Amino acid sequence: EALLITLVSHSMASLRACLSEGRKVLLAATKHLSSQLLNKILKLKKDVDKVYEEVRGAQRALEDLQQDDDAMALMYLTEMKKDAAAFEERVRWGEQDTDEAEGLLDA
């Protein structure tokens, strides 16, 4: 959960920076179009592409995580802390239900 919050926070900060710069560029574009402005637009496009690829990378990582039953089972830290041996045994035999964690990641 902390990892997801960190990824989202980082992505949101990057997106906000791109949006802010985009607004500045749009305002300048309404006044006049110059080579300097076109260079800013190109830089902004590259920044947006970079943020998009970071988000897509995070999405792919989460999808991969959901396919790994052992990694999904390890997301249940509270159960693991209560009785580590029993938890490990359930994971080993594939009896640990991960539907709840998968639902949270899907959201």
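Me: Which residues of helix 2 are buried?
Reply: This is a predicted model, where local features need pLDDT of at least 70 and side-chain atom pairs count only at pLDDT 80 or more, while totals for chains, interfaces and linings use all residues. Residues are numbered from 1 along each chain as its sequence is written, and side-chain values use heavy atoms, with hydrogens and water left out. Buried stands for under 20% relative accessible area, exposed for over 50%, and partly exposed for in between (1.4 Å probe, protein chains only). In helix 2 the buried residues are Leu37, Leu44, Val51, Ala58 and Gln66.

Me: How many helices and strands are there in the protein?
Reply: Helices (H or I, at least four residues) and strands (E, at least two) are DSSP runs, numbered from the N terminus. Along the sequence the pattern reads α-α-α-α-α-α. The count is six helices and zero strands.

Me: What span should helix 2 have, and what is the distance between its end C-alpha atoms?
Reply: The expected span is 1.5 Å times one less than the number of residues. Helix 2 covers residues 35-67, which is 33 residues, so at 1.5 Å a residue the helix should span 48 Å. The end C-alpha atoms agree with this, being apart by 48 Å.

Me: Which residues make up the largest nonpolar core?
Reply: A nonpolar core is a set of buried Ala, Val, Leu, Ile, Met, Phe, Trp, Tyr and Cys residues joined through side-chain atoms within 4.5 Å. The largest one has five residues in all: Cys18, Val25, Leu37, Leu44 and Val51.

Me: Which element gives the most to this core?
Reply: Two or more residues of this core come from each of helix 1 and helix 2. The most, three residues, come from helix 2.

Me: Is Cys18 buried or exposed, and what does Cys18 contact beyond its neighbours within four places in sequence?
Reply: Cys18 lies in helix 1 and counts as buried because its relative accessibility is 11%. Contact means heavy atoms within 4.5 Å. Leaving aside neighbours within four places, the contacts of Cys18 are Leu44, Asp47, Val48 and Val51.

Me: Which residues does Val51 touch, not counting those up to four places away in sequence?
Reply: Ser14 is in contact with Val51 and Glu54, leaving aside neighbours within four places in sequence, and Ser14 is buried at 18% relative accessibility. Ser11, at 16%, is buried too, and with the residues up to four places away left out it touches Val51 and Val55. With that exclusion, Val51 touches Ser11, Ser14, Leu15 and Cys18.

Me: Which residues make the nonpolar surface patch of about 330 Å²?
Reply: Patches are made of residues with over 30% relative accessible area and no salt bridge, where like charges are joined within 9 Å and nonpolar side chains (Val, Leu, Ile, Met, Phe, Trp, Tyr) within 5 Å. A salt bridge is a side-chain nitrogen of Lys or Arg within 4 Å of a carboxyl oxygen of Asp or Glu. Met12, in helix 1 (residues 2-31), counts as partly exposed because its relative accessibility is 35%. The patch is made by Val8, Met12, Leu15 and Leu19.

Me: What share of the accessible surface belongs to carbon and sulfur atoms?
Reply: Accessible areas come from the Shrake-Rupley method with a 1.4 Å probe, and for residues only the protein chains shown count as cover. Of the 107 residues, 17% are buried. The accessible surface is about 8400 Å², and the carbon and sulfur share is 59%.
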